[in-house]
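Subject: Structure handover

Hello,

Here is the structure you will be working with. Please open it beside this email and follow along.

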Amino acid sequence: MTRTNVWVRSLAIPAMIAMLLLAGSPRVAATDQSSTPNAEVKIDNFSFGPQTVTVPVGATVTWVNHDDIPHTVVSTDGVFKSKVRDTDEKFSYTFTKAGTYSYFCSVHPKMTGQVVVQ
Amino acid sequence: MRGKKQGLIDQKLQDLNNDGVDRRGFLKCMAWAGTGLVWTLNGGIPGSRAFAKTAERSAAKGADFTFVQISDSHIGFNKPANPDVTATLQTAISKINAMPHTPDFIIHTGDLSQLSKPSEFDTLDQSLKGASAKQIYFVPGEHDMLSDNGEQYLERYGKGTKGTGYYSFDHKGVHFVGLVNVANLKAGGMGSLGHEQLEWLEDDLNGRSASTPIVLFAHIPLWTIYPDWGWGTDDSEQALSYVKRFGSVTVLNGHIHQIMQKVEGKVSFHTAMSTAFPQPAPGTAPSAGPMKVPADQLQRVLGITDVNYVVSGHSLAIVDSPLDTSVSSASENGSGSSLLRLAR
């Protein structure tokens, strides 16, 4: 073994370990949380529950239809729009920007809800 | 709610019937009849009499024509409230076919399908092919608009219609208008006709003689029954202002899966039962969703509506009958009592 090789090898292992560590860690978000908690909204009895859900930027909200009637999830500002969801079907949307997102069911418009992203 | 107005209606009812039975006594008798209720309109004043099979024949004889309203078939629905909506639709069609007179046409007031799927519309069409009446008029329900802007519905049933699927036609001197109040619904709102359709309606009615009987039909009720559940149309008042001058106006709706009736001046409102599943009375359940009833009672809360028109007398008789027409006892709270509810 040459002297150069030994020098490279003594650096290589810690370097490799460092790279592995960096590759494995989650990207740090704008907030000081290391992960983004997602939320679930249950659709039941022609209503969204909870009616208002608050999530951090980057979170994914999943709506699950527990009614025996189909519903949709449609943002009033055109930000997101689900296909019709029958019983047990889901719709998810990931919120990448802060803000208040009002939405409703386009089939039963009295059903309204809000996602607050902060 | 009693009061002067109610007393006046009772008085007029007594004059019309002339049979010694006042309104309250009639309602008690009605619970025994079980078959159906005939509402007659004569210049806007309601009259009623019990309806038995023989009476139906004579009602039809005096009528210039008859048609049938069916509604809310929800083909594709398969939950416990009714696991086989195609079968109950078939029962409704058989009932129409068993009528002593073939109706001139059928009006379907919407929610043909459950999910706007082509297979669901196919099944509906297949079933209706077996109906004695070959002419069928449709208006969509919100369940028929689930593919973008209701394109599946319009492709099949939208020929000759305007905008979201509205249209009008004349039949033996009566002017029929099919309205669409299930498109472009706004968050927090109820049914909606929209500016374009209202303009078209005003134009469509313009110039017609006030003695022309008018029949408006749309899916969601054109009067406010229960806003919390979306049972009403936000801009129907404007539409109703256009028909105010006519001598006889009938409004036929669906959507609520139960019978409700109201008379306001010369306008009579009527909602039909569904052929698929019943829904709860306003505010009696957490939501308006499908209501489960014991299996042997299902066919008593589903039904069709037979409309008999006597043009010369400007009178129209609306007969609601459940799919199961076995005589019910007075103690049963089936469709018999719901036929008699009048919003005041």
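Below are the ground rules, then the findings, chain by chain.

This is a predicted model, in which local features need pLDDT of at least 70 and side-chain atom pairs count only at pLDDT 80 or more, while totals for chains, interfaces and linings use all residues. Residues are numbered from 1 along each chain as its sequence is written, and chains are lettered from A and ligands numbered from 1 in the order in which they are written.

**Chain A**

Chain A has one helix and eight strands. (Helices are DSSP runs of H or I with at least four residues, strands are runs of E with at least two, and both are numbered from the N terminus.) Starting at the N terminus, the order of elements is α-β-β-β-β-β-β-β-β.

How much of chain A is buried? Of its 118 residues, 25% count as buried. (Buried means 20 or more other C-beta atoms within 10 Å of the residue's own; exposed means 12 or fewer; partly exposed lies in between; C-beta atoms are placed from the backbone.)

Now the contacts. Take those in chain A between residues at least 6 apart in sequence: 45% of them join residues at least 24 apart. (Two residues are in contact if their C-beta atoms, placed from the backbone, lie within 7 Å.)

Four strands of chain A form an open sheet. Their order is β2-β1-β4-β6, and the pairing is mixed. (Two strands pair if DSSP finds at least two bridges between them.) The edge strands are β2 (47-49) and β6 (90-94) of chain A, and each pairs on one side only. On average, neighbouring strands of this sheet are turned by 20 degrees against each other, direction ignored. (Axes are lines fitted to C-alpha atoms, for helices over the stretch in contact, and angles run from 0 to 180 degrees between N-to-C directions.)

Look at one pair in this sheet. Strand β4 (residues 60-65) of chain A and β6(A) pair in the antiparallel sense over five bridges. W63(A) stands opposite F91(A) in β6(A).

Next, find V57(A). It sits in the loop between β3 (52-55) and β4 of chain A. Why does V57(A) count as partly exposed? Because V57(A) has 16 C-beta neighbours inside 10 Å. The C-alpha atoms of V57(A) and Q118(A) are separated by 5.8 Å, yet these residues are 61 apart along the chain.

**Chain B**

Chain B has nine helices and 13 strands. Of its 344 residues, 46% are buried. Among contacts in chain B with a separation of 6 or more, residues 24 or more positions apart account for 70%.

Six strands of chain B form an open sheet with mixed pairing, in the order β6-β7-β8-β9-β11-β10. β6 (167-171) and β10 (260-264) of chain B stand at the edges, each with a single partner strand, so one side of each has no neighbour in the sheet. Neighbouring strands here are turned by 15 degrees against each other on average, direction ignored.

Follow β7(B) through its two pairings. β6(B) and β7(B) pair in the antiparallel sense over five bridges. There, S168(B) stands opposite V177(B). The hairpin of β6(B) and β7(B) has two residues between the strands, and K172(B) takes a positive phi near 50 degrees. With strand β8 (residues 214-217) of chain B, β7 (residues 174-178) pairs in the parallel sense over four bridges. V177(B) stands opposite L216(B) in this case.

Now the helices. Helix α4 (residues 85-97) of chain B has 13 residues. Its buried residues include L89(B), A92(B), I93(B) and I96(B). Among the elements that cover the buried residues are β3 (65-70), α5 (118-128) and β12 (303-310) of chain B.

Two packed helices are described by the angle between their axes and the distance between the axes. Helix α7 (residues 195-205) and helix α8 (residues 236-243) of chain B pack at about 5 degrees, with their axes 10 Å apart. They are therefore roughly parallel to each other. (Angles under 35 degrees count as roughly parallel, over 145 as roughly antiparallel, 65 to 115 as roughly perpendicular and the rest as oblique.) L198(B), L201(B), E202(B) and L205(B) in α7(B) meet Q238(B), A239(B), Y242(B) and V243(B) in α8(B).

**Where the chains meet**

16 residues of chain B are in contact with 17 residues of chain A. The side of chain B that touches chain A has eight nonpolar, five polar and three charged residues. (Ala, Val, Leu, Ile, Met, Phe, Trp, Tyr, Cys and Pro count as nonpolar, Asp, Glu, Lys and Arg as charged, and the others, Gly among them, as polar.)

Best wishes

Definitions and conventions. The expected span of a helix is 1.5 Å times one less than its number of residues.
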